[in-house]
Amino acid sequence: MMKATALKHEKISIKWKIFTYLLAFTGILLMVLWLLQICYLDTFYKIIKTREAEQLTGEAIEILQSDSNSI
């Protein structure tokens, strides 16, 4: 019985072993990317939009202050 399983493992070619490992790696990588998108995409979006709004507000204040100084 032990010889049968040992022979079965020896018959798997290196090509199929590499394919299996690559397939597993790709699957794990896709799952990690999907989880990161689900968990953190909303947070990243809010942070980016908040920074944009703060930057635009600062620019608007500068423009209004420079206009009021020139009057």
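Guide: K46 forms a salt bridge with D42, and the closest N and O atoms of the two are 3.4 Å apart; a salt bridge here is a side-chain nitrogen of Lys or Arg within 4 Å of a carboxyl oxygen of Asp or Glu. Side chains of opposite charge can pair in this way when their charged atoms come close. K46 and D42 both belong to helix α2, which covers residues 14-70, and they are four residues apart, about one turn of the helix. Helices are DSSP runs of H or I with at least four residues, strands are runs of E with at least two, and both are numbered from the N terminus. D42 counts as partly exposed because its relative accessibility is 45%, given that buried means under 20% relative accessible area, exposed means over 50%, and partly exposed lies in between (1.4 Å probe, protein chains only).

Before going on, please keep in mind that this is a predicted model, in which local features need pLDDT of at least 70 and side-chain atom pairs count only at pLDDT 80 or more, while totals for chains, interfaces and linings use all residues. Residues are numbered from 1 along each chain as its sequence is written, and side-chain values use heavy atoms, with hydrogens and water left out.

By the rule for salt bridges, the count comes to two. E52 and K49 also meet in a salt bridge, at 3.4 Å from N to O, and these two residues are three residues apart in helix α2, so they are separated by about one helical turn. E52 is partly exposed, with a relative accessible area of 37%, and K49 is partly exposed as well, at 39%.

In the pair of W16 and F19, the ring centres are 5.7 Å apart and the planes stand at 85°, so the pair is edge-to-face. Rings of Phe, Tyr and Trp (its six-membered ring) pair if their centres lie within 6.5 Å, and planes under 30 degrees apart count as stacked, over 60 as edge-to-face and the rest as tilted. W16 and F19 are three residues apart in helix α2, about one helical turn; W16 is partly exposed at 48% relative accessible area, and F19 is partly exposed at 44%. Y40 and F44 form a tilted pair, with 6.3 Å from centre to centre and 35° between the planes. Y40 and F44 are four residues apart in helix α2, again about one helical turn, and Y40 is partly exposed at 43% relative accessibility.

Y40 and F44 also belong to a nonpolar patch on the surface, whose members include V32, L36 and I47, and which has about 1200 Å² of accessible area together. Patches are made of residues with over 30% relative accessible area and no salt bridge, where like charges are joined within 9 Å and nonpolar side chains (Val, Leu, Ile, Met, Phe, Trp, Tyr) within 5 Å; accessible areas come from the Shrake-Rupley method with a 1.4 Å probe, and for residues, only the protein chains shown count as cover. V32 lies in helix α2 and is partly exposed, with a relative accessible area of 41%.

Stepping back to the whole protein chain, there are two helices and zero strands, and of its 71 residues 0% count as buried. The protein chain exposes about 7200 Å², of which carbon and sulfur atoms supply 71%.
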